[in-house]
Amino acid sequence: MSETTTDNTNFRWIGKRPVRHDGVDKVTGRAQYGADFTLPGMLYGKALRSDCAHGIIKSIDTSAARALDGVKDVITGADLPEVSSEGQIEGEAPASVRDTAHNVIARRKVHYHGHTVAAVAATSPSVAEEALKLIKVEIEALPVVLDVMEACSPDAPLIEEHQHTNGDTGSPPSNIASTNTFEDGDLEKGFEAADVIVEHEFDSGTVHQGYIETHACMAEAKENGEITLWVSSQGHFSIRDATAQVLAIEPSRIKAIAAEIGGGFGGKTTVYLEPLAVLMAQRTGQPVKMVMSRDEVFRGTGPAPGSHTRIRMGATSDGRITAVDCDLWFEAGGYPGSAVGAAMMALIAPYEVQNFRIVGYDVLVNKPKSHAYRAPGAPNAAHASEVVIDEICEQIGMDPLEFRLKNAAKKGTKAPYGPVFPEIGMVETVQAAIDHPHYQAPLGANQGRGVASGFWMNGGGDATAHLSVLPDGKVTLVTGRPDIGGSRAGHAMVAAEELQIDVDDVRPSIGDTDSIGYNGVTGGSSTAYSAAVAVYEAAHKLIADAKRRAAEIWEVKADDVEWRDGAAHLKAGVNGTEAPLSLADLAGKASQTGGPLAADAAVNAKGAAPALGTHICDVEVDPDTGKVDVIRYTVVQDAGRALHKSYVEGQMQGGAVQGIGWALNEEYLFDDNGVMENAGFLDYRMPVALDLPMIDTVVVEVPNPRHPYGIRGVGENAIVQPLAAVANAIYDAVGVRLYEVPMSPPKVLKALQDAKATRNVAANGNGAAAQPAREPEPVTAR
Amino acid sequence: MSVSINVTVNGRGYQEEVEPRLLLADFLRDVLGLTGTHVGCDTSGCGACTIIVDGKAVKSCTLLAVQADGADLTTIEGLASNGALHPLQEGFHEEHGLQCGFCTPGMIMAAWQLLERNPNPSDAEIRHALEGNFCRCTGYENIVKSVRAAAGSAA
């Protein structure tokens, strides 16, 4: 691990590695996650899911289920209000209220296998499961469309019969919900100026966030109409609002309490179970808990979209990108709203490109409604752009990192999506990768090295913080964005930094929706950044108030008081010999000086700045089986300023490993009827410790000028590069290019065999035009 | 139909009537209220529900509660003693061996088994021993470090 700092500001806590405040609860089993709450008289809710991937619901007979002893409620889509398509549900992946409501429980049609069609509440989980088997659902099956390109065809089965692309009713109905174009410069001239042009098509399977905790919630409805919702989510404020919108009730009726969350990665920013649990709690008058099985998580929640990408890139022989032309087709799933927009933004954002045209298509297919997954869309996009760059570098004989350095976007570069970049760390991360010993390390037989860069725009948004001084001078800190990766500790560090106290003297917690102002979701790499702004402001309000009180006690002007080492001091040069007043001293005199010592700040943090990162990946390919092992991996990323150094490194390592899983093994496998065939952790293969080397990290710090400490979002960027970095490393190892992820053993083996066949044909004099592919053999050290 | 079972959990004896189909993980969570044992998959894939049964690390979703009749179980709630964290708990706490913390109890129990058998494991041996446990947050590096730290302090 190493770090490159461009600013030497001395901090007491920022950038350090204190132990997390919530750690003891998490290593002793005390921490309460979504499924860990119980109430007396609680019922167990279960969802019935469609066994048909596309069809019209003709009837649902719940009578036998209702008659089962222990069953307290059975609901179908008909029991929920019809909501307008105008309203928007905010969050990491905004969607219409109607689509969200219909995704929660199907109304007229089922759009994918696993779509919820009914739900029951019963006295035990086993009775609830028995009841599900007694519900008779009659569905008229319709033709299924799973492939994103087939879905774009004019004669494809329509998933939404009344959907017209971009709402243009003048065009025929289409599965393409929307299309959008980013373009600038002169594409034709750009390609004319190119000495080399590379064009390829890329595919990515549908992959899941793979959080280990399944979705879970518990709802209680009181006689006065008030509802309490315990929920594991990335944003209990937005879950409250979405639940209220789906049920057409006022958000003020719901108090949402944030459970600890067992991973989300974007996937826990919308509702699935919550409206059903609330509705059944209202109807029965008993609390209802719902917990998904892993099978349900795979089939019924939002994976990252599969995609098809065609990209054409031109460059000069001295390594300047002259033009990029790209089309991205993304699977939205059963309802509109894939991450294609973000993919378009990220595609070539690491580079300064004058001439480009980027077109995105959001396409309905009969798969679960896709949802956000860490840097949504960007991995699919960078997979295409970063592999094509590798091929260009090979053709012009340029080092791939030199090429990236030469084309790097920097402060003042216009982003492909419009704005002009502030300070960004593309040059710095590429340079740090060039300088890293990994880049020069020798490689052995069947081993290869690949690099890739990646961009993520990062978010900010609403955050509220509350600080309160306890009688002993310690401080409670309440914020309202769920803590997934250590943000509570990070925000306690901000309070400790400003108040100049020990970080362990801050007690951070996540407030419920009634106890603190609104907070956005923990998503978009926004939480460490934006809540830090709120905590910083609250701390300074608290200091100002503390100074005022000290001045009152000492009968001096507030300007005569300064805050130092966690206490009010008389400024040097001011007459008097008053002993400093600590937070404990001031808390003891609070009633006499204006009441409890506390401060709040509510902000909309607007100054988020993008994250850039560059990865170096070494692989070893087994030529007999096609199995690829990542043997060394280095993540270089600009964190702006690392708030908690270990947690920044942890995000970089975790993101890279998710990307490696996506690159090598993970994908949804569907049969022709749209039934997922590997909906379990034994068949959907995520990386385990044994699969991986130590993931090395280099934290580069190019401060974000619009944040008090220079913080940038960190969480998402590191999943962007691995797809391409691994693909480029495989090529370096064995001389075959793969354009489809995952690059699982059968695909790699087939590519090796095809290359061998091509070589044999070429050797026989029949394949002069064929691309020569290297025999897998020892690769010489660089 | 219910079956009566006797189990010792974290040093305390329990006699409970359970359905024969009840999984041990659900028995611990729903009957005894020991929710520190987490369920991430119910198909023995994720390892979050790992506990110690008669000295062996076991995924508690692969056993029925009735199969644990007469057994001595330790869950994450029973690992600390006399008000002090176990070295493995200390290791995961101090070395940042967790982000969301959901896999942590199972990781700690699987690592407990490793250290019982091999008090000074290499990093490769640690990675091998934890191959049945998913963590989706950390990329595993800090988990390996945590176990290494625990082994050092236990030695």
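## Helix 14 of chain A

Just after helix 14 of chain A, Gln500(A) has a positive phi of about 60°. The model is predicted: local features need pLDDT of at least 70, side-chain atom pairs count only at pLDDT 80 or more, and totals for chains, interfaces and linings use all residues. Residues are numbered from 1 along each chain as its sequence is written, while chains are lettered from A and ligands numbered from 1 in the order in which they are written.

Helix 14 (residues 487-499) of chain A has 13 residues. Helices are DSSP runs of H or I with at least four residues, strands are runs of E with at least two, and both are numbered from the N terminus. From first C-alpha to last, helix 14 of chain A reaches 18 Å, close to the 18 Å expected at 1.5 Å a residue (the expected span is 1.5 Å times one less than the number of residues). Of its 13 residues, 13 are buried, meaning that 20 or more other C-beta atoms, placed from the backbone, lie within 10 Å of the residue's own.

## Helices 11 and 18 of chain A

Helix 11 (residues 378-396) and helix 18 (residues 722-734) of chain A have axes that come within 7 Å and cross at roughly 35°. Axes are lines fitted to C-alpha atoms, for helices over the stretch in contact, and angles run from 0 to 180 degrees between N-to-C directions. The crossing is right-handed, that is, the near helix is turned clockwise from the far one by less than a right angle.

On helix 11 of chain A, the contact residues are Pro379(A), Ala382(A), His383(A), Glu386(A), Val387(A) and Asp390(A); they meet Leu723(A), Ala724(A), Ala727(A) and Asn728(A) in helix 18 of chain A. Contact requires C-beta atoms, placed from the backbone, within 7 Å. The residues of this contact divide into six nonpolar, two polar and two charged. Nonpolar covers Ala, Val, Leu, Ile, Met, Phe, Trp, Tyr, Cys and Pro; charged covers Asp, Glu, Lys and Arg; the others, Gly among them, are polar.

## The sheet of chain B

Chain B holds an open sheet of five strands in the order 2-1-5-3-4, with mixed pairing; strands pair if DSSP finds at least two bridges between them. Strand 2 (12-18) and strand 4 (56-59) of chain B are at the edges with a single partner strand each, so one side of each lacks a neighbour in the sheet. The twist averages 40° from one strand to the next.

Strand 3 (residues 50-53) and strand 5 (residues 72-74) of chain B pair in the antiparallel sense over two bridges, and Ile52(B) stands opposite Thr74(B).

Definitions and conventions
Two residues are in contact if their C-beta atoms, placed from the backbone, lie within 7 Å. A residue is buried if 20 or more other C-beta atoms lie within 10 Å of its own, exposed if 12 or fewer, and partly exposed in between; C-beta atoms are placed from the backbone.
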